[in-house]
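Please look over the model below before reading my notes. The points run from the whole chain down to single residues.

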Amino acid sequence: MATNAIDQTRRMLSLVTYLRERPGAHVQDVARAFGITEDELISDLDVLPMCGTSFRGGDLLDIDTDGDRIWWHNPDDVAEPLRLAADEATALLVAARAVATLPGLRESDRQALLRATAKLETAAGETAAASSRLSVTFEAEGGVFADVDRAISERRRLWLRYYSPARDELTEREVDPIRLFAVGHTYMEAWCRLSEDRRTFRLDRVAEIRLLDEPSAPPELELRDLSEGLVQPAAEDPEVVIEVGPGGRWVAEYYPHDSAEELADGGMRITLRTPDPASLRRLALRLGGEGRILAPQELAQSARQAARAALAAYDGPA
């Protein structure tokens, strides 16, 4: 069952209390108590050691598991009263006020957040006054996030107008949302009724969104492991060879690749795989004189034609 971000946060907070009271708890028993799979529990346990009482690191939850039992080694250390530095308190207050304004946030969650913010303001003293002069405004992506989160919670279908950079066009489609996640940007994984397949949508590319009355009913799918990144090419995907100059070396850092050969001029010859080679045509245009596609030939020819068409547009009438 898909879980939205707020529900998962609630669960993980409860998990901390549960584990504190049950040292050496069995993985199977904890998963059953929270109504989740053992894999989902292990995923939560992978996140908890990155949480703690300081934004700067240190005082983190020292929780680990051997696959059978769960051990929390420093419950007393992190239970001490929290003392925030001025910059930490300011960051928390600004973020809390911003989140409280998100459209689509459940009213009970909003009120709980406002109560917590009021308590933090009292504790922060003069720092709270300084933080009131700062504000964060969420752009359109915040509203899209709220609608997707609500659709997941209420199990409702969504209608989208979505920009596809690979085709440079807007498409309309209905989707059954599965989950929200962040890998650099924020994404929605969903079952697309237009393509009848699983698709990933970047929230800042959603031009328009609407909740529908139809129930969301995605097929039973195994969630992808995103620990290695969003783009995970398969061995059977077509191979593409790109040669870049010194100014294009960032391609090797940004795109998963099979090999990156150093060239004498400081550039690189990069070999990668992608299920949609045509999507790299825009990369070739972006690189300009700092890169070119060597193979496959049809993609290289397509990129050259796109470049000529772009240049011709500058020679046309103003």
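What share of the 318 residues in the protein is buried?

1. Buried residues account for 35% of the 318. Buried means under 20% relative accessible area, exposed over 50%, and partly exposed in between (1.4 Å probe, protein chains only).

2. A word on the basis. This is a predicted model: local features need pLDDT of at least 70, side-chain atom pairs count only at pLDDT 80 or more, and totals for chains, interfaces and linings use all residues. Residues are numbered from 1 along each chain as its sequence is written, and side-chain values use heavy atoms, with hydrogens and water left out.

3. The protein has eleven helices and twelve strands. These are DSSP runs, numbered from the N terminus: helices are H or I with at least four residues, strands are E with at least two.

4. Take contacts between residues at least 6 apart in sequence: 57% of them join residues at least 24 apart. Contact means heavy atoms within 4.5 Å.

5. D44 sits in helix α3. Is D44 buried or exposed? D44 is buried, because its relative accessibility is 1%. Beyond neighbours within four places in sequence, D44 contacts Q8, R11, M12, L15 and I36.

6. D62 is found in the loop between α3 (38-47) and β2 (63-65). Its relative accessible area is 37%, so D62 counts as partly exposed.

7. D62 also belongs to a negative surface patch, together with E38, D39, D64, D66, D68 and E222. Like charges are joined within 9 Å, placed at CG of Asp or CD of Glu. Asp and Glu count as negative.

Terms used
Patches are made of residues with over 30% relative accessible area and no salt bridge: like charges are joined within 9 Å, nonpolar side chains (Val, Leu, Ile, Met, Phe, Trp, Tyr) within 5 Å. Accessible areas come from the Shrake-Rupley method with a 1.4 Å probe; for residues, only the protein chains shown count as cover. A salt bridge is a side-chain nitrogen of Lys or Arg within 4 Å of a carboxyl oxygen of Asp or Glu.
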